[in-house]
Amino acid sequence: MTTAPARPARTDLYPTRGASEVLTPRKDPVVWSAPGSPGPIDMADLMGFERDGFLTVDQLIGDDEVARYHSELERLISDPRVRADERSIIEPKSQDVRSVFEVHKISEVFASLVRDERVVGRARQILGSDVYVHQSRINVKPGFGASGFYWHSDFETWHAEDGLPNMRTVSVSIALTENFDTNGGLMIMPGSHKTFLGCAGETPKDNYKRSLQMQDAGTPSDEALTRFADDHGIRLFTGRAGSATWFDCNCMHGSGDNITPYPRSNVFIVFNSVENAAVEPFAAPVPRPAFIGARDFTPVR
């Protein structure tokens, strides 16, 4: 009788979902490309991204493109087949569509945006490799009461529930409506990406079904958020439709409710390095569905 060799224990650089909160200094680079590597981001902006964890582009896409993408967004959220799809998340109160995931697979219009060199080129430059789409979605935040997204680090969830080993992932939020300082815009704590906040509490079964409507597991404590805000401050992002914000996967960020009459909609794309492909979750019983955390690591071309 032979005994199968034991599997070597894998290293978890960022422990989370334990008995208590844990602060871990970042162990990964922020900008992975070598200094002077070619790309659409100039050196000053790249250094700003390294320091703050985010980069804003005042006009990534033009007005005609905004109109095209916004029209496609409206088409998708109005389509009964899309609404009935498991990739659509519905607002608990209004029963309106809140988000539609995997839009680069549902819509060729948004697939073309993912492949646009203005978009994927910046991701490759920051991450220093070919990239694939870990997640894509359109977010719809209509006026008069659409709920916000509570403070969180995306990497905490992607590490715990999707199995991303390292902080080699970057997101871009492209505004399809104007972002005012009053309609539930994105807020980031600059520099928070340099410290990982491991949250307390186990991951419930099928946690994604609840967390996509209201974050619970993976939520920092009030005390930790106060300490982060005192240390880093809070930046609120505004800008016209067509502007974009790139931010590191470990930025502490969130957005408030939109109680104004003015909607706030955006397309959100997460690029992960092909050298950082997802493995088994680090703090969840099973991976989330592939439409939320991709298991297809094909590079964007």
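In this predicted model, Phe247 and Phe268 are both buried. These two residues form a tilted aromatic pair, with 6.1 Å from centre to centre and 40° between the planes. The pair links distant parts of the chain, since Phe247 belongs to strand β11 (residues 244–248) and Phe268 to strand β13 (residues 264–273), 21 residues apart.

**Aromatic rings**

- A pair of aromatic rings is described by the distance of the centres and the angle of the planes.
- The structure holds ten aromatic pairs, and in one of them the ring centres of Phe155 and Phe196 are 5.9 Å apart with planes at 80°, which is over 60 degrees, so this pair counts as edge-to-face.
- Because Phe155 lies in helix α7 (residues 154–162) and Phe196 in strand β9 (residues 195–198), the pair ties together parts that are 41 residues apart in sequence.
- Phe155 and Phe196 are both buried, and together with Tyr14 they form one aromatic cluster.

**A charge over a ring**

- Arg98 lies over the face of Phe149, at 4.0 Å from the ring centre.

- Four strands make up an open sheet in the order β6-β12-β8-β10, and their pairing is antiparallel.
- The edge strands, each of which pairs on one side only, are β6 (149–153) and β10 (235–236).
- Strand β8 (residues 186–188) is joined to β10 by two bridges, and these strands run antiparallel, with Ile188 standing opposite Arg235 in β10.
- Helix α7 lies across β6 and β12 (252–255), and runs at about 70° to β6.

Key. Residues numbered from 1 in each chain as written. Predicted model: local features only at pLDDT ≥ 70, side-chain atom pairs only at ≥ 80, totals over all residues. Heavy atoms only, no water. Phe/Tyr/Trp six-rings, centres within 6.5 Å; stacked < 30°, edge-to-face > 60°. Buried < 20%, exposed > 50% of the residue type's maximum accessible area, 1.4 Å probe, protein only. Lys NZ or Arg CZ within 6 Å of the ring centre and 35° of its normal. Pairing = 2+ DSSP bridges. Contact = heavy atoms within 4.5 Å. Axes fitted to C-alpha atoms, helices over the stretch in contact; angles between N-to-C directions.
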